[in-house]
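Q: Could you take a close look at one helix packing in this model and walk me through who touches whom? After that, I'd like to see the bigger contacts too.

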2 protein chains.
Amino acid sequence: MYTVAIVGATGAVGAELLRVLESRSFPIKTLVPLASARSVGQSVTFAGREIPVQAAGPESFKGVDFAFFSAGATRSRELAPAALEAGAIVIDNSSAFRTDPTIPLIVPEVNADALGPEHRLVANPNCVAAIMAVACAPIEKIRRITRLVVSTYQSASGAGARAMEDLLVQTRDVLAGKDPIPAVLPHPYAFNLFSHNAAMEENGYNGEENKVVFEMRKIMERPDLRLSVTCVRVPVLRAHSMSLNIECDTDDIAADLPAIREALATAEGVRLVDDAVANHYPMPNEASGADDVLVGRLRADPSNPAALNLFIAGDQLLKGAALNAVQIAELIASRT
Amino acid sequence: MYTVAIVGATGAVGAELLRVLESRSFPIKTLVPLASARSVGQSVTFAGREIPVQAAGPESFKGVDFAFFSAGATRSRELAPAALEAGAIVIDNSSAFRTDPTIPLIVPEVNADALGPEHRLVANPNCVAAIMAVACAPIEKIRRITRLVVSTYQSASGAGARAMEDLLVQTRDVLAGKDPIPAVLPHPYAFNLFSHNAAMEENGYNGEENKVVFEMRKIMERPDLRLSVTCVRVPVLRAHSMSLNIECDTDDIAADLPAIREALATAEGVRLVDDAVANHYPMPNEASGADDVLVGRLRADPSNPAALNLFIAGDQLLKGAALNAVQIAELIASRT
């Protein structure tokens, strides 16, 4: 039985971490919910009990076995060293450590092997990368992927609980005939969509897109993988969808499709949703609350004999964040 | 001055046709709004006058110079011959005649030359194809396009006025804590998205996707153009957005980007919206009601030296339907 701390316990991912830890019966003897000083006075509910939130600080981690960080990169950089120092294993949901070559970036279904006993700090991937990697790994087992052209349909939850609320408030306003006033994200969001709000970087891609490229290469252990990524926010609450054009090392992908379909149908963490008769494919409303990444619209690309198309949807707060973090903890616990 | 009939005058596109004809001062002496028998008793407003809707039938076109059809393919097949017989020029917004090699499929900014004096029946393209062609034509002038990988973010309006209302009603229900009940489209739509509702066809692509492939080749006069298209409905009311990966006949697209940017900035029917500092790119809320197709996020694709990425948004009811139809009529009128 473990003592588990959650830094960012009052956020959208923090709330999911509590639910996932409870529903998966992670063996917890003491839960330590931590947040910024302004959240002190609040409490969280875990296993039927109200537990008061404490202010996160360097002294918060005494006796902690697992510390989940989900309060942004600055907070992680500031407090993860203290948690490690106190002997905790740190599972960090922020981008703070993902690019560090000494720190593993783990999606358990994909690269559990990259997590060794020496790793006390593990990075949890960006939500788009985690969801996409789950869908791509079974394909990679059949045929080496050479290039991905990806367009995303990302939900509000990736920008936090306040962005989800912003979408709801704006939508209410529009339905009441008022102009939507963006409070969290930079553009009107009700019945609208926009290029991902991450800051633009020098290469013409935004921070989200560049993260996805870097992290997919690291998770898939394919530094040579070529990716073109366009990240877009759509007015959906908590699941990310993606349209993937996947080029493989073949000149006849059609011949591989039956094996790829079978690999997806049986892969851990994947649910094949591919019913042409009912026109039923992955949708964010069905991905929301689901552990599996929904995968469908598997078909050969008529414009390139090496490529296939796929449409996927995964819960941003679960496989894109909290669930994957808890699975990392389970993996570590199973080895000790 | 012309006598102009509109078949489907009470629909979403019909209403836009009336607005566009009026705002562009198309020289009309008599307007004949036509619809199905169940719309008789309604009237439309045009140039400040209420005009009663008449039941569309083979006898409706006497003295009509231009007949706009926007009541579905079945209605077009049924009544277009009578309109032609009566001497009208027919501009058909349905898919009925688009694949007929003797009938031109026109986007005036792109292929006005394909419209000859002998053509009395002109097809107006699918909304996705029309919007995409406007954005691609200026690029094609700089460098031959070899392949397009497209993912769409399509609005409710493409499925008609009732689908727009369905989205609003479902959204109200969800905000009130009720389950959304799809009335027009096959899946929950509020805060959700789904693969386009067109019927799936034998090649694994739906009817919308196959239309886009065929029509882009015809409009661009490029039967060899390779396309991979994924059509998705998003909870947006009336503008379609698209993420385009465009491969060209070059091994150094980066060298062409300045010329392509200039071509897009000056192209008829295009508005370049590409402000990295403000993170301001094409959005459906700004495309709604606009004549121009918004084009932005122009950047080289790091995964392929021949490719660039683009994000575009265009009003489905305007450039995707009514505006383009009226522009075709203007083109014909300008030549007579």
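A: Let's start with the residues: in this predicted model, B:Cys127, B:Ala130, B:Ile131 and B:Val134 of H4(B) meet B:Lys319, B:Gly320, B:Ala321 and B:Asn324 of H9(B). By type, the residues of that contact split into five nonpolar, two polar and one charged. As for geometry, helix H4 of chain B covers residues 127-142 and helix H9 of chain B covers residues 318-335, and their axes come within 8 Å, crossing at roughly 85°. An angle from 65 to 115 degrees counts as roughly perpendicular, so H4(B) and H9(B) are roughly perpendicular to each other.

Over in chain A, the division is into domain 1 (2-124 + 321-334) and domain 2 (129-316). Their centres, taken over C-alpha atoms, are 25 Å apart. Domain 1 of chain A puts 14 residues into the contact, and domain 2 of chain A puts in 19 residues. On the domain 1 side, helix H3 (108-111) and helix H9 (318-334) of chain A are the elements giving two or more residues. That side is made up of seven nonpolar, five polar and two charged residues.

Then there's the contact between the chains, with 47 residues from chain A and 47 residues from chain B. Among the elements of chain A that each supply at least two residues to the side touching chain B are helix H5 (161-175), strand S13 (239-248), strand S15 (293-300) and strand S16 (307-315). That side of chain A comprises 23 nonpolar, 18 polar and six charged residues.

Conventions. Residues numbered from 1 in each chain as written. Chains lettered and ligands numbered in written order. Predicted model: local features only at pLDDT ≥ 70, side-chain atom pairs only at ≥ 80, totals over all residues. Contact = placed C-beta atoms within 7 Å. Helix = DSSP H or I, 4+ residues; strand = E, 2+ residues; numbered from the N terminus. Nonpolar A, V, L, I, M, F, W, Y, C, P; charged D, E, K, R; others polar. Domains from an automatic or database assignment. Axes fitted to C-alpha atoms, helices over the stretch in contact; angles between N-to-C directions. Parallel < 35°, antiparallel > 145°, perpendicular 65-115°, else oblique.
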